[in-house]
Amino acid sequence: MPTISAQTLTDWVGQIFHAAGAPEEVAHLVARSLVESDLAGHDSHGVVRVRQYLDSIERGDLDPQARPVLVSDHGAICLVDARRGFGQVAARWAMEQGMAKARAHGLAAAGLFNCGHVGRLGEWVQMAADGGLIALAFCNGGGITGAVAPFGGAARLLGTNPIAAAVPLGDRPPLVLDFATSAVAEGKVRVARNRGQTIPEGWILDAQGHPTTDPNALYNGGMLLPTAGHKGYALSLLVEMLGGLLTGNGSPALGGHYRPGNGVLFLLLNVDAFRPLADFLVDSAALAARTKAVPPAPGFQEVLLPGEPEQRIAAQRRAQGISLDEATWQLLCQAAQSLGVAVPPLPA
């Protein structure tokens with residue numbers, strides 16, 4: 001598999017998006033976000049998405065020059081229209097509005113609609129935690145028909161509908177959780193397909209509703225399953241209500257004015273409104289340390305905190321480079337060449 005440095009990959013993907021019509025600043029922001037996902041080991045939300053974004057631009061579903069605007073502002077609550085722009089641009093801007101409101105009011109909610117794919121949801125809640133706030137996010141979306149069957153069903157209805165949260169831990173990196181309410185993010189099935197790999201049973205059903213380990217089945221009328229059975233299904237419906245209906249983004253389950261993309265609800269808490277931040281950080285760090293001190297079970301080397309695997313993978317990939325599967329590499333090369341962007345040389 002081709003291996004490329006994070007900086008080279010970021011610069012190259014930024015050039016591709018710039019050639020596709022995005023302002024240079026926007027192109028670099030989106031490229032950096034995608035590469036950060038690859039660095040964290042979440043290849044499903046990394047540069048494998050470049051072709052998807054370019055296709056959305058070509059169809060007119062994504063405006064590479066659009067900037068988000070505030071459409072309502074009620075003290076601690078605001079609503080942001082992404083205007084069909086890049087989700088990473090809109091999510092960052094909406095989170096900035098929410099962080100400012102949480103500092104002013106003690107808590108805040110920022111809704112985001114009419115939005116392209118926001119990338120890895122955990123990136124945006126970590127942004128708040130890095131600023132000393134607690135954040136939660138609920139993100140709905142997907143294609144026109146959804147991708148996930150409800151528990152007990154055998155047809156697509158819901159999005160993959162991730163939930164994310166982040167909490168500051170003092171001297172440690174923040175606690176970050178970020179997971180789809182489907183058994184797996186759709187992008188992970190895409191990565192397996194690109195690599196010619198099978199997938200675990202329990203991830204998807206084929207078009208006839210039968211379990212399968214063939215990732216191609218998802219793209220031939222198949223469907224994802226909810227994570228943890230009825231529990232993930234319930235969480236997915238909650239995300240549809242909060243990220244989709246409350247923000248006005250809509251839901252693939254209802255059709256109507258819904259367009260492919262994401263609706264997001266960010267909730268933010270200012271710790272200082274509850275107790276001194278310094279005292280909370282002492283306690284949150286102590287809880288993290290106590291958790292880490294639990295003896296590992298057989299087959300495990302240690303107890304890891306949410307977000308810790310990503311931090312370790314990122315350190316390794318920053319040092320050694322990011323390995324891309326051949327299918328993703330070829331898609332990037334074809335996209336670059338079609339837009340007149342040079343393909344960077346790979347290290348010998």
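What follows is a chat about the pockets, cavities and a few residues of a predicted model.

Visitor: Let's start with open spaces. How much space lies in the second largest pocket?
Guide: About 510 Å³. Its lining is made of 25 residues, and the closest to its centre are Ala-40, Arg-120, Glu-123, Gln-126 and Glu-310.

Visitor: Which elements give two or more residues to that lining?
Guide: Two or more residues come from each of α2 (24-39), α5 (121-130), β7 (172-179) and α9 (308-320).

Visitor: And what's the lining like by class?
Guide: For the second largest pocket, 11 lining residues are nonpolar, 5 are polar and 9 are charged.

Visitor: Why does the second largest pocket lie between domain 1 and domain 2?
Guide: Because both domains give residues to its lining. Domain 1 covers 3-62 + 294-339, and domain 2 covers 69-182 + 227-277.

Visitor: Which residues line the largest cavity?
Guide: The lining consists of Asp-38, Asp-43, Val-47, Val-48, Val-191, Arg-195, Ser-323, Leu-324, Asp-325 and Thr-328. By class, that gives 4 nonpolar, 2 polar and 4 charged residues.

Visitor: What about the second largest cavity, what lines that?
Guide: Val-47, Val-48, Val-50, Arg-51, Thr-328, Leu-331, Leu-332 and Ala-335 do. Here 6 of the lining residues are nonpolar, 1 is polar and 1 is charged.

Visitor: Which element gives the most to it?
Guide: That's α10, with 4 residues. Both α3 and α10 supply at least two residues of this lining.

Visitor: Val-191 was in the lining of the largest cavity. Is that residue of α6 buried or exposed?
Guide: Val-191 is buried. Helix α6 spans residues 186-194 and is mostly covered, with 7 of its 9 residues buried.

Visitor: What covers those buried residues of α6?
Guide: The cover includes α3 (50-59), β8 (204-205), β10 (223-224) and α10 (326-338). After the helix comes Gly-196, which has a positive phi, near 70°.

Visitor: New topic: Ala-149. Where is it found?
Guide: Ala-149 is in the loop between β5 (133-142) and β6 (163-169). The residue counts as buried because its relative accessibility is 0%, and buried means under 20%.

Visitor: What does Ala-149 touch, not counting residues up to four places away in sequence?
Guide: Ala-155, Met-223, Leu-224 and Pro-226.

Visitor: And what separates the C-alpha atoms of Ala-149 and Ile-134?
Guide: A distance of 32 Å, with the two residues 15 apart along the chain.

Visitor: Last one, cysteines. How many disulfides does a search of the whole structure find?
Guide: It finds 0. Take Cys-78, which is in no disulfide: the nearest cysteine sulfur belongs to Cys-115 and is 13 Å away.

Visitor: Why does Cys-333 count as buried?
Guide: Because its relative accessibility is 8%, and buried means under 20%. Cys-78 is buried too, with a relative accessible area of 3%.

Key
Residues numbered from 1 in each chain as written. Predicted model: local features only at pLDDT ≥ 70, side-chain atom pairs only at ≥ 80, totals over all residues. Heavy atoms only, no water. Buried < 20%, exposed > 50% of the residue type's maximum accessible area, 1.4 Å probe, protein only. Contact = heavy atoms within 4.5 Å. 1 Å grid on protein atoms, 1.4 Å probe; cavity = no way out; pocket = protein on both sides within 12 Å on 5 of 7 lines; lining within 4 Å. Points joined across faces, edges and corners; volume = space filled by probe spheres on them. Nonpolar A, V, L, I, M, F, W, Y, C, P; charged D, E, K, R; others polar. Domains from an automatic or database assignment. Disulfide = S-S within 2.5 Å.
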